[in-house]
Number of protein chains: 2
Amino acid sequence: MDITIIGTGLIGGSMAIALRGAGFAERIIGVDASPAHGARALELGLVDELLPLEEAVAQSGLVILATPINAAETLLPQVMKLAGKQVVMDVGSTKKIICEAASRNTNRGRFVATHPMWGTEYSGPEAAVRGAFTGKATVICNKEDSDADAVELVEKVYGLLGMHIVYMNAADHDVHVAYVSHISHITSFALANTVLEKEKEGDAIFELASGGFESTVRLAKSNPAMWVPIFMQNKENVLDVLNEHIAQLRKFKACLEKENYEYLQELIENANGIRRILK
Amino acid sequence: MDITIIGTGLIGGSMAIALRGAGFAERIIGVDASPAHGARALELGLVDELLPLEEAVAQSGLVILATPINAAETLLPQVMKLAGKQVVMDVGSTKKIICEAASRNTNRGRFVATHPMWGTEYSGPEAAVRGAFTGKATVICNKEDSDADAVELVEKVYGLLGMHIVYMNAADHDVHVAYVSHISHITSFALANTVLEKEKEGDAIFELASGGFESTVRLAKSNPAMWVPIFMQNKENVLDVLNEHIAQLRKFKACLEKENYEYLQELIENANGIRRILK
């Protein structure tokens, strides 16, 4: 099948590698708003050629929208207007707004809303890696609004990527990812800022940073061009979780201030419950 | 050299493996308040035998205090009373209180206060691993209060572990670790509690958890028996950093509430500065 990938970065590029590796993609056409990114994707062999959006869609059976989510929201109506029998899928981190955008098109059925639960703190074509998605979960949202053959094709794609599929409505998805992804990024950004603030005082404290610090702060390297639109689109859910998280931190603060170490012990024992979830 | 390790868990056990592997430890004597831990350490071959504290110290050239820091504070005066020419070193995560405890002994010079910057979220003898400390930093505090030969022996030990040594006074150490270690644990515990609170509502949200979430929350598995005493002993510094961290989180909250996305972008760009430190 000939495939168009719009946005040849971390996710689009990693999908290109996987779909070519599986023998599924006969030709991969790249569309990228950044000429530099497109050229690099071509150079790295992620895509076979670069075309303008209209020509790319016309020549493809599957169009994968893999841009930051604000660009995806703008691009989707254009892509839908160009799409005939093509299947269009997105891979964005929020699902409610893109599904609303899709529903304003008469051919809504050609669109499948998805979110593969994989990423790294890096971005751009050079961040694309082999075997990226294997063993992870992916979400398909509002499946009932998509044509059966379109869903079937997307399910096949995710099967080839080695992912297992979770079906969910878009609103639930956006609540869940606020908890298991978006808040982690905010805590990591805030932790980096906390420590960088201290660095200004001139201490060489980073010599002491070890694995634990690196683990909690690595997401702070993530690209604002991707994350600002996510926080914008998922503002209400992220605020709910952020308020809860600040309340949880204030419990630790109160324990220390009041020297209530029995309760501190309880809070940590409760947190240890995460062992049930993370193996 | 014959070595006593008091506390045969993650750190003590990993040191035993490394010092035996380097051919430095001829005999390793374990002392453990938990008969079960001691027996397991013997079974795993981490230690050659188990002895009561008094006999163990009498038969050793080096005594490594590797218990949780509250136990170390209690044990140190006992060990110092037993120590003649022996060198006594600790490996605890705070340094001010143990150095104060050491200074109350007439033979303060035999004690070297250290903190190897390595650990995992696991504990006990089974958590001990080979090659644990290689390439990491270790801290020696208040070196001037220790005898020259004692410091020399401890430097040799850390050299064998493949660590590079940073010298620092105990008070500065405790400030620095609040930033690069203790706060990471609090954010991770609090994040786990935030998300586990949600789980109570019955959603299967953890199917969606991927690498980013795991990274920021894995420290939440850490043992309260180790961490409550750390937060107690380093209360003032941890509270300072925690207040700063909550203030940083409130900036993100304010950006979302006021839809000030330019400032949100700035906050994230600033956090990206962590790239200068984490390679």
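I began with the sheet of chain B in this predicted model, and I noted an open sheet of eight strands with mixed pairing, in the order β3-β2-β1-β4-β5-β6-β7-β8. I then asked which strands of chain B stand at the edges. They are β3 (49-50) and β8 (164-168), and because each has a single partner strand, one side of each is left without a neighbour in the sheet.

I turned to the interface, where the contact takes 84 residues from chain A and 84 residues from chain B. The two chains bury about 8200 Å² between them, with 70% of this area on carbon and sulfur atoms.

I looked up the salt bridges between chain A and chain B and counted two; in one of them, A:Lys235 is joined to B:Glu259, with the closest N and O atoms 2.6 Å apart. For polar contacts across the interface, I recorded 27 residue pairs, both residues being at pLDDT 80 or more.

Which elements of chain A supply at least two residues each to the side that touches chain B? I listed β7 (137-141), β8 (164-168), α7 (170-199), α8 (211-217), α9 (224-233), α10 (235-257) and α11 (261-271). Of the elements, α7(A) gives the most, with 21 residues. By class, I noted 46 nonpolar, 20 polar and 18 charged residues on this side of chain A.

Technical notes
Residues are numbered from 1 along each chain as its sequence is written. Chains are lettered from A and ligands numbered from 1 in the order in which they are written. This is a predicted model: local features need pLDDT of at least 70, side-chain atom pairs count only at pLDDT 80 or more; totals for chains, interfaces and linings use all residues. Side-chain values use heavy atoms; hydrogens and water are left out. Contact means heavy atoms within 4.5 Å. Buried area is the accessible area (1.4 Å probe) that two parts lose on being put together, summed over both. A salt bridge is a side-chain nitrogen of Lys or Arg within 4 Å of a carboxyl oxygen of Asp or Glu. A polar contact is a pair of N or O atoms within 3.5 Å; within protein, one must be able to donate a hydrogen and the other to accept it, and residues adjacent in sequence count only if both atoms are side-chain atoms. Helices (H or I, at least four residues) and strands (E, at least two) are DSSP runs, numbered from the N terminus. Ala, Val, Leu, Ile, Met, Phe, Trp, Tyr, Cys and Pro count as nonpolar, Asp, Glu, Lys and Arg as charged, and the others, Gly among them, as polar. Two strands pair if DSSP finds at least two bridges between them.
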